[in-house]
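Me: I've got a structure open and I'd like to talk it through. Can you help me read it?

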Amino acid sequence: AAYDEALQIRRRLAAANPETYLPDVAMTLINLGNLYHNQNDVAAAQAAYDEALGICRRLADTNPDTYLPDVALTLNNLAVLYSHRNDVAAAQAAYDEALHIRRRLAAANPETYLLDVAGTLNNLGNLYHNQNDVAAAQAAYDEALQIRRRLAAANPETYLLDVAGTLNNLGILYRDRNDVAAAQAAYDEALAIYRRLAGANPDTYLPDLAMTAVNLSIFYLKSLPDQDKSLAHAGEALTAAGPFVEVLPACQEYARAALQVVEAWGIDAEAFFEETLKDY
């Protein structure tokens with residue numbers, strides 16, 4: 001309701017003074033698109049993003065330095081929306097254009113835009129991976145990781161999380177192609193980063209720790225069978241996810257997956273759960 005009222009006001013202002021107020025209309029439409037997307041209202045989200053993109057393109061025609069970042073942002077949001085509805089061709093086209101713009105912006109101002117380049121590359125890696133294009137996925141992830149490592153070297157508090165996220169994605173990719181050693185190395189490094197981050201800020205980073213811990217528990221169940229390591233990581237995932245299972249659906253999934261690993265080893269999941277969380 002607040003966004004709708006803001007949009008109505010900004011449309012009225014933009015009708016009288018477009019140069020001043022059209023950017024505000026576009027930003028409100030992007031916010032509405034995000035809201036609709038989170039509510040799984042795909043049609044409304046696309047309509048909002050499409051209108052925002054049209055406005056941003058028009059603004060960028062006359063002032064590219066100011067508004068090309070908004071074009072790239074809206075394209076990236078549209079690509080995520082297309083991916084979620086399995087429109088692969090549209091998603092790739094939107095990601096490719098967003099990446100092209102962001103590379104151009106980063107060439108002139110790397111401190112501001114390299115992070116966005118890495119984000120789009122990571123998203124493209126996910127898209128390629130989902131389409132079983134392993135070579136393209138790895139190339140995208142590798143470049144994203146290289147950028148994120150460079151950013152994290154200068155500012156670890158801000159960018160280490162992104163490094164770990166790409167490492168986790170690479171771990172999944174390597175696991176799926178049976179490159180066991182590479183998967184293990186990527187997962188282990190990602191988990192070490194999440195442990196470090198969660199040690200300083202558990203409320204923010206324990207869910208990420210749970211994600212990679214459960215991935216490792218599955219890895220040691222299926223890819224490199226080792227019961228002790230698999231169960232240890234399942235327990236770590238349960239402990240990390242436990243405080244959030246009532247509020248974060250992802251943590252519910254991590255906990256469920258961890259217990260499925262326990263059952264796959266022939267161990268009573270309820271007893272394992274109670275033993276793992278007895279001190280919490």
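Reply: Let's start in a loop. Asn40 sits in the loop between helix H2 (18–38) and helix H3 (42–62). Keep in mind that this is a predicted model.

Me: Is Asn40 buried or exposed?

Reply: Asn40 has 64% relative accessibility, so it counts as exposed.

Me: What about its phi?

Reply: Asn40 has a positive phi of about 65°, although it is not a glycine. Most residues other than glycine have a negative phi.

Me: Which loop holds Asn178?

Reply: The loop between H8 and H9 holds Asn178. Asn178 is not a glycine, yet its phi is positive, about 65°. Asn178 is exposed, with a relative accessible area of 65%.

Me: Let's zoom out. How many helices and strands are in the chain?

Reply: The chain has 13 helices and zero strands.

Me: How much of the chain is buried?

Reply: Of its 280 residues, 45% count as buried.

Me: And what box do the C-alpha atoms fill?

Reply: Taken along the principal axes, the box is roughly 70 × 40 × 35 Å.

Me: What share of the contacts join residues at least 24 apart?

Reply: The share is 55%, among contacts between residues at least 6 apart in sequence.

Me: Now helix packing. How do H8 and H10 cross?

Reply: Two packed helices are described by the angle between their axes and the distance between the axes. The axes of helix H8 (residues 156–176) and H10 come within 11 Å. They cross at roughly 20°. H8 and H10 are therefore roughly parallel to each other. Their crossing is left-handed.

Me: Which residues meet there?

Reply: From H8 you have Leu161, Asn168, Ile172 and Arg175. From H10 you have Tyr205, Asp208, Met211, Thr212, Asn215, Phe219 and Ser223.

Me: How do they divide by class?

Reply: The contact of H8 with H10 has five nonpolar, four polar and two charged residues.

Me: New topic: rings. How many aromatic pairs are in the whole structure?

Reply: A search of the whole structure finds two. In one of them, Tyr187 pairs edge-to-face with Phe219. Their centres are 6.0 Å apart, with 70° between the planes.

Me: Why does that pair tie together separate parts?

Reply: Tyr187 lies in helix H9 (residues 180–200) and Phe219 lies in helix H10 (residues 202–223), so the pair links parts that are 32 residues apart in sequence. Tyr187 and Phe219 are both buried.

Me: Which residues form the other pair?

Reply: Phe219 and Tyr220 form an edge-to-face pair too. Here the values are 5.1 Å centre to centre and 75° between the planes. Tyr220 is buried, as is Phe219.

Me: What do the ring pairs make of these residues?

Reply: They link Tyr187, Phe219 and Tyr220 into a cluster.

Me: On to H11 and H12. At what angle do they pack?

Reply: Helix H11 (residues 227–241) and helix H12 (residues 249–264) pack at about 155°, with their axes 9 Å apart. That makes H11 roughly antiparallel to H12. H11 passes H12 in a left-handed crossing.

Me: Which residues make the contact?

Reply: H11 brings Ser230, Leu231, Ala234, Ala237, Leu238 and Ala241. H12 brings Cys251, Tyr254, Ala255, Ala258, Leu259, Val261 and Val262.

Me: I'm curious about Ser230. Is it buried or exposed?

Reply: Ser230 has 0% relative accessibility, so it counts as buried. Ser230 lies in helix H11. Leaving aside neighbours within four places in sequence, Ser230 is in contact with Ser217, Tyr220, Leu221, Val261 and Trp265. Tyr220 also belongs to the ring cluster.

Me: Last one. Where is Ile267?

Reply: Ile267 is in the loop between H12 and helix H13 (269–276). At 29% relative accessibility, Ile267 counts as partly exposed.

Me: What does Ile267 contact, its neighbours within four places aside?

Reply: Ile267 is in contact with Gln227, Leu231, Val262 and Phe272. Take Leu231: it is 36 residues from Ile267 along the chain, and their C-alpha atoms are separated by 9.7 Å.

Conventions
Residues numbered from 1 in each chain as written. Predicted model: local features only at pLDDT ≥ 70, side-chain atom pairs only at ≥ 80, totals over all residues. Heavy atoms only, no water. Phe/Tyr/Trp six-rings, centres within 6.5 Å; stacked < 30°, edge-to-face > 60°. Helix = DSSP H or I, 4+ residues; strand = E, 2+ residues; numbered from the N terminus. Buried < 20%, exposed > 50% of the residue type's maximum accessible area, 1.4 Å probe, protein only. Axes fitted to C-alpha atoms, helices over the stretch in contact; angles between N-to-C directions. Parallel < 35°, antiparallel > 145°, perpendicular 65-115°, else oblique. Left-handed = near helix turned anticlockwise from the far one by under 90°. Contact = heavy atoms within 4.5 Å. Nonpolar A, V, L, I, M, F, W, Y, C, P; charged D, E, K, R; others polar.
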